[in-house]
2 protein chains.
Amino acid sequence: MAKGPVGDWYKDARNTQGLLLDIFGVLYENGDEGPVVIPGSIEAVKKLKDAGIPVRFCTNNSTKTKAGLAKILLDLGFDVSESQLFPPPPAVSHVLKARNLRPYLIVMPDVLPQFADIAQTEPNCVVLGDAQTHFTYDNMNRAFQVLLSCPNPVLIAMGGGKYYQEAGEMKLDVGPFAKALEFASGIEAEIIGKPSKTFFLAALSDMGFSTDKVVMIGDDIISDVGGAQACGIRGVQVRTGKYRPRDEPHASVTPDGYVDNLLQAVDLFLAHR
Amino acid sequence: MAKGPVGDWYKDARNTQGLLLDIFGVLYENGDEGPVVIPGSIEAVKKLKDAGIPVRFCTNNSTKTKAGLAKILLDLGFDVSESQLFPPPPAVSHVLKARNLRPYLIVMPDVLPQFADIAQTEPNCVVLGDAQTHFTYDNMNRAFQVLLSCPNPVLIAMGGGKYYQEAGEMKLDVGPFAKALEFASGIEAEIIGKPSKTFFLAALSDMGFSTDKVVMIGDDIISDVGGAQACGIRGVQVRTGKYRPRDEPHASVTPDGYVDNLLQAVDLFLAHR
């Protein structure tokens with residue numbers, strides 16, 4: 001899908017203080033036999049570090065704890081630290097504690113340790129992650145019954161994504177299952193993850209930069225590019241991961257740029273510093 | 001939940017030519033050990049037959065063939081004929097043939113014979129029934145991939161219901177899963193079943209009556225009562241099945257009447273003929 005760069009987002013690189021990067025579909029993706037690095041992305045992350053460019057990884061990955069996600073990236077050869085990662089599970093855990101919510105969780109087993117210190121009996125809240133085969137009819141019914149049973153039930157979705165690519169196939173993300181429960185219960189889901197503004201701003205707050213000084217690079221035209229733009233952050237679409245030629249141009253989102261892959265984005269960016 | 005009748009829908013009984021009745025939650029419901037008759041409903045159906053009142057059963061049941069549904073009712077003791085039943089599967093089968101659609105089906109195995117004579121290779125259409133535990137992540141993904149793979153994909157849902165009661169618990173109906181696929185694919189589902197106008201009118205056409213001459217009686221405030229009213233058919237809510245006191249009054253639908261159960265409705269109706 002190499003078509004070359006589009007847009008001039010990188011020409012202002014000297015006034016750009018940092019980058020927000022998506023992980024899945026930008027750094028790596030899952031193949032038939034596990035995670036596979038997207039060519040050039042290890043080098044791209046290293047170039048940014050060597051150049052001293054602040055980077056945060058703003059991801060909707062809700063299948064692992066933050067430590068588990070860091071381990072995958074380190075094992076694949078990415079030079080990143082856990083403190084650079086902004087996935088939904090720690091943010092959700094924080095919200096549950098702050099609001100005294102007892103969740104019924106539909107999540108992958110690997111992420112359960114993130115919620116081990118939170119009471120889960122007599123749930124008054126439903127939390128949906130990218131639960132994949134754990135989105136069974138029985139689990140969805142149980143979640144629905146929790147929402148019906150409480151006076152002020154809360155439905156939280158770790159991201160609003162529609163789908164992602166895995167082993168060459170498009171797979172349903174958490175968003176559609178959140179929509180199913182919204183429709184059945186009449187309760188609107190709170191999204192903790194992209195494209196929620198709060199979620200982008202948490203990463204920016206950690207960097208100490210304003211929205212006009214960073215660029216988000218991702219493969220999801222809605223959650224990454226559109227979500228960032230809705231906060232005033234420039235959004236660049238990579239032609240890797242779930243990107244398909246039909247996304248260019250897109251009916252509702254016009255990215256600040258298109259690049260073939262992360263390395264092309266980083267090379268353009270660094271060449272204009 | 002006996003509260004007595006509300007509304008005066010039955011006072012015009014002499015000008016009312018026939019009745020449309022929902023089945024599940026009105027005639028019977030499923031208990032822990034199978035179907036259970038709702039008290040008085042066998043007698044109510046018999047009284048209508050004895051009085052010569054034309055009746056059609058307008059149901060969203062998509063778990064059986066029409067013959068299978070008739071057998072359940074006959075075995076329970078209802079004096080009905082297969083020709084009075086209007087469930088979605090035969091209507092969907094008709095549409096698939098007329099439009100040369102090859103379905104990927106997510107349905108209960110008992111209903112598969114209804115589609116046995118329709119080609120299903122290289123699907124260009126997804127059909128969702130009340131598939132219960134067959135709404136697995138893998139089946140939902142396969143459906144999504146079918147919708148992504150075709151130039152003009154069609155998504156058909158056998159009804160738009162949110163939930164129903166079974167063995168004392170609320171269970172998710174087909175509607176939420178249709179919404180999930182709509183959100184993921186951007187394709188709007190065609191509903192063949194209640195509350196679709198076409199579906200009500202097919203039953204009326206069979207009776208030869210106009211919309212102002214019949215009354216629909218059901219337990220689903222949205223699909224039965226609201227759906228009928230949107231066609232100009234009076235809609236009466238029974239306080240059986242999935243009915244809950246919070247449905248009375250309802251935020252968006254005002255039934256033409258409430259009754260404790262079908263027998264109360266029939267007695268009121270016949271007393272005013």
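Helices (H or I, at least four residues) and strands (E, at least two) are DSSP runs, numbered from the N terminus. This is a predicted model, in which local features need pLDDT of at least 70 and side-chain atom pairs count only at pLDDT 80 or more, while totals for chains, interfaces and linings use all residues. Residues are numbered from 1 along each chain as its sequence is written, chains are lettered from A in the order in which they are written, and side-chain values use heavy atoms, with hydrogens and water left out. Chain A and chain B bury about 2,500 Å² between them, and the largest pocket has a volume of about 640 Å³.

**Largest pocket**

- A pocket is found on a 1 Å grid over the protein atoms alone, as an open set of points where a 1.4 Å probe fits, with protein on both sides within 12 Å along at least five of seven lines; lining residues have an atom within 4 Å of a point.
- Grid points are joined across faces, edges and corners, and the volume is the space filled by probe spheres set on the points.
- The lining has 33 residues, and those nearest the centre are A:Lys162, A:Tyr163, A:Ile222, B:Phe183 and B:Ala184.
- At least two lining residues come from each of α5 (174–185) and α7 (221–230) of chain A and α4 (137–149) and α5 (174–185) of chain B.
- α5(A) gives the largest share of this lining, 4 residues.
- By class, the lining holds 16 nonpolar, 8 polar and 9 charged residues, where Ala, Val, Leu, Ile, Met, Phe, Trp, Tyr, Cys and Pro count as nonpolar, Asp, Glu, Lys and Arg as charged, and the others, Gly among them, as polar.

**Interface of chain A and chain B**

- Contact (heavy atoms within 4.5 Å) links 29 residues of chain A with 29 residues of chain B.
- Of the buried area, which is the accessible area (1.4 Å probe) lost on putting the two parts together, summed over both, carbon and sulfur atoms give 71%.
- A:Tyr137, A:Leu172 and A:Phe183 supply 32% of the area that chain A buries against chain B, more than any other three residues.
- On the side of chain A that touches chain B, two or more residues come from each of α4 (137–149), β9 (163–166), β10 (169–172) and α5 of chain A.
- The largest share of that side, 8 residues, belongs to α5(A).
- That side of chain A divides into 15 nonpolar, 8 polar and 6 charged residues.

**Salt bridges**

- A:Lys194 and A:Asp224 form a salt bridge at 2.6 Å, N to O.
- A:Lys194 lies in the loop between β11 (190–191) and α6 (197–207) of chain A and A:Asp224 in helix α7, so the pair ties together parts 30 residues apart in sequence.

**Backbone geometry**

- The peptide bond between A:Glu248 and A:Pro249 is cis, with omega about -5°, and A:Pro249 sits in the loop between β13 (234–238) and β14 (257–259) of chain A.
- A cis peptide bond also runs from B:Lys194 to B:Pro195, with omega near 5°.
- B:Asn100, which is not a glycine, has a positive phi of about 55°.

Note on methods:
A salt bridge is a side-chain nitrogen of Lys or Arg within 4 Å of a carboxyl oxygen of Asp or Glu.
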